[in-house]
Amino acid sequence: MDAFYGPLDLVMPYDVRGGGVGACTMSSLRRFAATWRETATRRLFLREGVELWLHELDPIWSLTEIRARVVDVVRETADVKTFVLRPNRRWHGHRAGQYTTIEVEINGVRVRRCYSISSSPADPRVAITVKRVPGGRVSSWLHDHVGAGDVIVLGAAAGDFVLPDHEPAQLLLISAGSGITPVMSIMRDLAARNAIRDVTFVHYAHSRADVIFRAELDALAGHHPGLRLLVHAVDEGGRFDEEGFARRVPDFAERATYLCGPPGLMARVEQLWDQAGAALRSERFALPTVASTTDSRLVRLRLARSDRAVAVTTTGTLLEQLERAGERPASGCRIGICHTCKCRKRRGAVRNLLNGSISREPDEDIQLCISAPCSDIELDL
Amino acid sequence: MSAPRILSREETDALGHALDAIRDDVLRDLGSRDVEHIRRIIRLAHHSGAAGRLLLHVGIDPVSFVCGVGALALAKILENMEIGHNVMHGQYDWTQDPALDSKSYEWDMVCAGDDWRHSHNYEHHTFTNIIGRDRDVGYGWLRVSADQPWRAWHLVQPPLALALALLFEWGIGAHDLRLDEWLSGKQPFSKLRARARPFLAKARWQLAKDYLVSPALALWNAPRVLAGNALANVARNVWTFAVIFCGHFPQGVRFFTPSEVANENRADWYLRQLQGSANIEGSPWFHLLSGHLSHQIEHHLFPDLPAARYPSIAPRVQALCKQYEQPYTTGTFPKQLASVARSLLRLSLPLPHRSARHASIRSDFSKHLVDLCSEQQ
């Protein structure tokens, strides 16, 4: 049976739409009922109970999490696989070019990574295309352990690497390596809507065999005369150079440009655009770099909720430095045992001063009293 | 058991490092089997709870009543001890699983999660057994150490303790209200009222759940369900009371005065935890049902390590105690219960009850302090 049926909503979000005195009374009544139901659900432990029983029935059913079942794994190249997912009803779709957070459990620890969605929004199935990064924990895990039937947790689609509502007439898409994934979603979206009017797609890969989605791209170019496809293989001398690029795409500065690739290429392309006085939209994924353990330097700490920035050093604990800056985060024992100061780190890297371990993934929980920053960071405070 | 040897600064720090090494070994080894364990227990608790409720709701005979109460009590005990207490300690925060998150977990009993996180995780585990600072020493009502001054109401503490055992969740729930401070005039009523708000809200819903909603769902069986829920709650209360009192108040456990612990470092904190807790011997099921608080010593040393790991590190902790000539207070459940009962009875009287052993530690300790001072001069 197709496991695409989400569970019942115990807590219905009510739309409160005005209109007359009667409607106003009705809406406040509904609001009251919704709040009351929310409280009752929480206080009577209904959510936990229902969540557990739903999980017993089908592991992708959930009231709270977007979970998806892997329905297919496609081997794209030697080190790239596409995972085709069928999410539960918590998933509210994506726009072409956006990414999702995928969450897998590796040896008991939930690890999150952002991956661009490579499928078209028209497809009810969501595809992520993952290149195996040497030494990469999540990509290796996905390649080695995840197959059809497995369940993974997703985050809501996010990101602004998307076409504007008013679509530009002339489009230039540049990608390299696995940076093709969000761009491919845009391509597929355009193709599905038969909206490929004047698109130039430049892609760089190590070799012909490393071009992800090559067959599909060739087919698209055959079907859509408006698509100009330029695929470069670095091992055949196709490396990016400014002059060659400007020669082959002379109107690049006039085109709405979308760029995704490794940092080196992106820096050079961005420089070229700067010189031409043109703007482009780019997507990058990189984890923060970590300073050495001994030297003390200043980094920027952003408090997301209070929208405040504080300069802190890499040698002191976050708790002490926050307090010195006049903040009063919840805290207790100050020696790392009571977990009162636990706080969500949105991005950046911190070092655990008790055991030296480093947290550098986005959205991990840390203990303020025993953590020192190693890079610019943002906390959910 | 011999009195603990007074350790030099270097010895204490070495002991601290040895304990840190145990902690690091466990941290390095944490993995899927720890998560599988807690998820298995969560499932067990849910299934047992469902079975208990089913038996109470649809059964009409006394056998299904007794089985239903037993299954429901088992569910409540597992949820409070192995799951609730341990998850709220942050023992599974490393998994980054929102269902095992210490800050948002709420347990199925009248004590509000946030009150507990403050009075237990922070106050009790940081200031363990410091008289005047650790409000868990006798919970403000009972005299469990000869170092606590005697008051007239201590005369009735044996029946008081029995009442507390039956209503333990209410004692824990009201603990962070500091009723004793209000009675003695140290806390204004407005503050008490503010403190009581989360507790009253939680208690109201707990009462509604067990004594209103659940019986109402049973229709004609309502009285049976109400009685079953009450019995399951009381069984859980008595069990947790027994486990916790045996972990903290049997003979051999040491208490501290604030001046003794001034300028403590991490190693001194470890030593205080070691001397201030007691274990209970038993089978793996006994350990599980106690939430592994039968390994109170290991729990107090490493409150945020997954509790199911305590039995495996206990031999290493015990070996360190032997090496540094520190007490490792342990005994069977009946032995520790008897010891607690004796203590409660004896300390209900105003006799000068500092045991010979206690006195010797104290004099050793002061002698040690004098030695230290003269060395520095």
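**Contacts and pairings in a two-chain model**

Me: How many residues of chain A are in contact with chain B, and what makes two residues a contact?

Reply: 20 residues of chain A are in contact with 29 residues of chain B; a contact requires C-beta atoms, placed from the backbone, within 7 Å. The model is predicted, with local features needing pLDDT of at least 70 and side-chain atom pairs pLDDT 80 or more, while totals for chains, interfaces and linings use all residues. Residues are numbered from 1 along each chain as its sequence is written, with chains lettered from A and ligands numbered from 1 in the order written.

Me: What makes β1(A) and β2(A) count as paired?

Reply: Pairing takes at least two bridges found by DSSP. Strand β1 (residues 66–77) of chain A has eight bridges to strand β2 (residues 80–87) of chain A, so the two pair. They run antiparallel and form a hairpin with two residues between them. A:T77 has A:V80 as its bridge partner.

Me: How many bridges join β1 of chain A to β6 of chain A?

Reply: Four bridges join β1(A) to β6 (residues 151–154) of chain A, and these strands are also antiparallel. A:A68 stands opposite A:I152.
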